[in-house]
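This report looks at one predicted chain, beginning with the confidence of the model and then turning to its elements and to selected residues.

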Amino acid sequence: MTLALVGRAAIGPIALAMLASCALTASPDQPVTMRLEPAFASSSGPRVDKSVAVAPVQASGAIAGLRYAYVDTSKTGVVSQAATLFWDQPPALIAQHALVDGLRTRFATVSGPEVSLPSDIRVVTVLDHFEEVTGGASKAEVGFDASVIEGGKIRQSGKYCAAAPIGGATPSDRVRAFESALTQAVGALAQDIASPGSASASSC
């Protein structure tokens, strides 16, 4: 895997280690596409008898596209992108699907933006973290700001962020870590909407 930086920062030792590790599973120039399939456990209690609509999730910058983003904590303000690692969908769309699936474990009816239906609650989300963090033990980090609108007013808003360790150097190891982080962050939001103030995702 070759690495391209956003900006002109030099590739550090950790990035070079990533470069070497990818050579174990693919040629340096062979692109790898990763797919996330986070699973959400059903709530043990009854679903809230309200309908929820998930608005299109917004994202910008390095995490808005398909290329895999990572941050080396030793390089302040630099977001890097792997040249040959890609998501099969933009992270905002991955998060959007996860929100629909996660909220369905808590609410009677949940729809995404592709279905225009009246709803009791509308969830508006901006994705601001979807990257690997290096500079120590590597971890997947997922975070977003969410606003919950009910009755034409913002009922609650907050930041939900979770991280999960990346247990190896392969794309599959990264997929498992991002699935875990995404599940944690979305699960905390779903619980907080169903029962305001009952949950919060750990800060990243």
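## Confidence of the model

Over which residues does pLDDT stay under 50? The stretch is residues 1–26, where pLDDT is the predictor's confidence in each residue, from 0 to 100. For these residues the model has 50 contacts beyond four places in sequence, a contact meaning heavy atoms within 4.5 Å. Where pLDDT is low, the predicted coordinates should not be read in detail. For the chain, the mean pLDDT is 86, and 83% of the residues reach 70 or more.

The model is predicted, so that local features need pLDDT of at least 70 and side-chain atom pairs count only at pLDDT 80 or more, while totals for chains, interfaces and linings use all residues. Residues are numbered from 1 along each chain as its sequence is written, and side-chain values use heavy atoms, with hydrogens and water left out.

## Elements of the chain

The chain has three helices and nine strands, taken as DSSP runs numbered from the N terminus (helices H or I, at least four residues; strands E, at least two). From the N terminus on, their order is β-α-β-β-β-β-α-β-β-β-β-α. Of the 204 residues, 42% count as buried (buried is under 20% relative accessible area, exposed over 50%, partly exposed in between, with a 1.4 Å probe and protein chains only). Among contacts with a separation of 6 or more, 68% come from residues 24 or more positions apart.

## Packing of helix 2 and helix 3

Helix 2 (residues 91–103) packs with helix 3 (residues 171–194) at an angle of about 45°, their axes lying 9 Å apart. The two helices are therefore oblique to each other, a class for angles that are not under 35 degrees (roughly parallel), over 145 (roughly antiparallel) or 65 to 115 (roughly perpendicular).

On the helix 2 side, the contact includes Ile-94, Ala-95 and Leu-99, while Leu-182, Val-186 and Ile-193 are among the residues of helix 3. The residues of this contact divide into ten nonpolar, one polar and no charged (Ala, Val, Leu, Ile, Met, Phe, Trp, Tyr, Cys and Pro count as nonpolar, Asp, Glu, Lys and Arg as charged, and the others, Gly among them, as polar).

## Two residues in context

Arg-106 is found in the loop between helix 2 and strand 6 and, at 25% relative accessibility, counts as partly exposed. Not counting residues up to four places away in sequence, Arg-106 touches Ser-43, Arg-47, Val-48, Ala-190, Gln-191 and Ala-194.

Ser-111 lies in strand 6 (residues 107–111) and counts as buried at 9% relative accessibility.

Terms used:
Axes are lines fitted to C-alpha atoms, for helices over the stretch in contact, and angles run from 0 to 180 degrees between N-to-C directions.
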